[in-house]
Amino acid sequence: MELAGIGAVLFDMDGTLVDSDAAVERAWERWAGEYAVDPAAALAIAHGSPADRTIRRLLPALDDDAVATAAARQLALQYDDLSDVTATPGAHELLNVLARLGLPWAVVTSADARLAEARLDAAGIKAPVLVTVDDVSVGKPDPEGYLRGAALLGVPVARCLVVEDAEVGLRAGRAAGAMTAALKGLDGDLRLHDLTQLARQLDPPTAS
């Protein structure tokens, strides 16, 4: 993939910029116990999706008010569970490269603003632009979040690179019309082992 045409980078948060997988799984496992849901079934579909969307799939008989209550409970279980939340490998290196190159970036996440800010802070990351589930009418895989992120940065979405670690987010990026970079063995325009790889492709080291 030709990276020279990239005008901005749009990052997912959990599992992409922030290593919060353990905290996410603990919260869903505890929530599943409270709502008599198979934890494995919850974990199989929860990653990268807004809580309410996941809950509707797990408990389709719930009405809108009950879904909202269940989603609020799931998020509450995550707010203060930050003990092992850190930046993912290569995250700070990549953000430093973006700063040197003058490339704008944003975080587009299925978390709400409170959780996103807490996790980014725990990872030592300050997002210049943050789009959360509070800012969109429909969450991933709908492209609204990535379209909003591109608009806030003032960069055409076709010149944005979406970096994701979940298929639901990659679908959102593709639907928005962005280029995609995929982690964790998923399929994107670019496949990444970690963010260090992207940092070095954007800013290759000079030969001595």
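Val107 has Leu130 as its bridge partner in strand 5, in what is a predicted model. That pairing belongs to a set of two bridges that join strand 4 (residues 105-108) to strand 5, and these two strands run parallel.

Zooming out, the strands sit in an open sheet of six, ordered 5-4-1-6-7-8, with parallel pairing. Strand 5 (130-131) and strand 8 (190-191) are at the edges with a single partner strand each, so one side of each has no neighbour in the sheet.

| Helix | Strands touched | Angle to strand 1 direction |
|---|---|---|
| Helix 5 (residues 91-101) | strand 1 (8-11), strand 4 | about 155 degrees |
| Helix 7 (residues 144-153) | strand 1, strand 4, strand 5, strand 6 (160-164) | about 145 degrees |

Now for Asp12, which is placed in the loop between strand 1 and strand 2 (18-19). Is Asp12 buried or exposed? With a relative accessibility of 4%, Asp12 counts as buried, because the cut-off for that label is under 20%.

So what does Asp12 touch? Setting aside neighbours within four places in sequence, Asp12 is in contact with Leu17, Val108, Lys140, Tyr146, Val163, Glu164 and Asp165. Thr109 is 97 residues away from Asp12 along the chain, yet their C-alpha atoms are separated by 5.4 Å.

Methods:
Residues numbered from 1 in each chain as written. Predicted model: local features only at pLDDT ≥ 70, side-chain atom pairs only at ≥ 80, totals over all residues. Heavy atoms only, no water. Pairing = 2+ DSSP bridges. Helix = DSSP H or I, 4+ residues; strand = E, 2+ residues; numbered from the N terminus. Contact = heavy atoms within 4.5 Å. Axes fitted to C-alpha atoms, helices over the stretch in contact; angles between N-to-C directions. Buried < 20%, exposed > 50% of the residue type's maximum accessible area, 1.4 Å probe, protein only.
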